[in-house]
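Subject: Structure handover

Hello,

Here is the structure I promised to pass on. My notes follow below it.

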Amino acid sequence: MAAEITQIDYYYGNTCSHCAEIKPFLDAVEKSNPQIRFNRIEVFANRDNAAAMLKVFDQYGVPRDDRGVPAILINNKFLIGSDMITTALEKEILMLKNEKS
């Protein structure tokens, strides 16, 4: 039986330097966790995606001063910024795995 794939929303900007910096990290996370797929949502060039991201930020109560990219929605919370993503993402994925087992 194939493992269930978990989609994780990843908001980024195509010209965002911090987004470009963490791309290798995210690629490695996907490679080492075959059950994880990032739903990559570009928000700088796509106005509809940007509006949808702001709506989700509102739904999750993210303070306006904390909003930005890169941002990942996982376990009903946002990880925003390259530092937070690189320090907390693998822990959040482990929590997801534990919930599913």
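This is a predicted model: local features need pLDDT of at least 70, side-chain atom pairs count only at pLDDT 80 or more; totals for chains, interfaces and linings use all residues.

The largest nonpolar core has 29 residues, and Y11, F38, I72 and L89 touch the most other members. A nonpolar core here is a set of buried Ala, Val, Leu, Ile, Met, Phe, Trp, Tyr and Cys residues joined through side-chain atoms within 4.5 Å. Buried means under 20% relative accessible area, exposed over 50%, and partly exposed in between, with a 1.4 Å probe and protein chains only. At least two residues of this core come from each of β1, α1, β2, α2, β3, β4 and α3. The largest share, 5 residues, is from α3. Helices (H or I, at least four residues) and strands (E, at least two) are DSSP runs, numbered from the N terminus.

Leaving out residues up to four places away in sequence, I72 touches I8, D9, Y10, L26, F38, K77, F78, L79, I85 and L89. Contact means heavy atoms within 4.5 Å.

Residues are numbered from 1 along each chain as its sequence is written, and side-chain values use heavy atoms, with hydrogens and water left out.

Now α2, residues 47-59. Its 13 residues should span 18 Å at 1.5 Å a residue, and its end C-alpha atoms are 18 Å apart, which agrees. The expected span is 1.5 Å times one less than the number of residues. Buried in α2 are A50, M53, V56 and F57. They cover an arc of only 125° around the axis, so they sit on the same side of α2. That arc is taken from the directions from the helix axis to the C-beta atoms. R47, D48, K55 and Q59 are exposed on the other side of α2. The buried residues of α2 pack against β1 (6-12), β3 (71-74) and β4 (77-80).

Both ends of α2 deserve a look. N46 caps the N-terminal end, with a side-chain oxygen 3.0 Å from the backbone nitrogen of D48. After α2 comes G61, with a positive phi near 65°.

Next, α1, residues 17-32. α1 bends by about 40° at K23, and the proline P24 follows within four residues. The bend at a residue is the angle between axes fitted to the seven residues ending there and the seven starting there. C19, I22, L26, V29 and E30 are the buried residues of α1. Their cover includes β1, β2 (36-42), β3 and α3 (82-100).

Then α3. Its 19 residues reach 27 Å from first C-alpha to last, close to the 27 Å expected at 1.5 Å a residue. A kink of about 45° is centred on A88. A88 is also one of the buried residues of α3, with S82, I85, L89, E92, I93 and L96. The buried residues of α3 pack against β1, α1, β2, β3 and β4.

Last, the loops. Which residues does a cis peptide bond join? They are V69 and P70, with omega about 0°. P70 is in the loop between α2 and β3. In the loop between β3 and β4 you will find N75 and N76. Phi of N75 is positive, near 55°, and phi of N76 is positive too, near 60°. Neither is glycine. N76 counts as exposed because its relative accessibility is 62%.

Best wishes

Notes: A polar contact is a pair of N or O atoms within 3.5 Å; within protein, one must be able to donate a hydrogen and the other to accept it, and residues adjacent in sequence count only if both atoms are side-chain atoms.
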